[in-house]
Amino acid sequence: MEKEKGLKIKELIKDVDPVEVILDAVKDEKIDLIIMAAHEEGRLEHFLLGRCNDEIIRRLPCSILLVKTEAESA
């Protein structure tokens, strides 16, 4: 949908440490805004996934927009 509206979207899929890949992509592509899903999580989810998100958020050199819910289809 975003591509149809003329927005440039580049997908990166790699099987390595996500924090380092995201940080490298931000620097290499000169990204100034990252949009990430924000969700409530239980203790197990936080233990498994939350640390990665926390580290990304702390280390990013750009602005971050956390989105709580998915946008509705128009």
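Me: How many helices and strands does the secondary structure of the protein chain come to?
Reply: This is a predicted model. Along the sequence, the chain runs in the pattern α-β-α-β. The secondary structure totals 2 helices and 2 strands.

Me: Which element gives the largest share of the largest nonpolar core?
Reply: The largest nonpolar core holds 8 residues: Val19, Leu23, Val26, Ile34, Met36, Ile56, Leu60 and Cys62. The largest share is 3 residues, and it comes from H1.

Me: Which residues does Leu23 touch, leaving out those up to four places away in sequence?
Reply: Leu23 is part of the largest nonpolar core. Leu60 belongs to that core too. With residues up to four places away set aside, Leu23 touches Arg59, Leu60 and Pro61.

Me: Why does Leu65 count as partly exposed?
Reply: Leu65 sits in strand S2. Buried means under 20% relative accessible area, and exposed means over 50%. Leu65 falls in between, so it counts as partly exposed, with a relative accessibility of 41%.

Me: What percentage of the residues in the protein chain is buried?
Reply: The chain has 74 residues. Its accessible surface comes to about 6800 Å², with 53% belonging to carbon and sulfur atoms. The buried share of the residues is 15%.

Terms used. Residues numbered from 1 in each chain as written. Predicted model: local features only at pLDDT ≥ 70, side-chain atom pairs only at ≥ 80, totals over all residues. Heavy atoms only, no water. Helix = DSSP H or I, 4+ residues; strand = E, 2+ residues; numbered from the N terminus. Buried < 20%, exposed > 50% of the residue type's maximum accessible area, 1.4 Å probe, protein only. Areas by Shrake-Rupley, 256 points an atom, 1.4 Å probe, with all protein chains shown as cover. Core = buried A, V, L, I, M, F, W, Y, C linked by side-chain atoms within 4.5 Å. Contact = heavy atoms within 4.5 Å.
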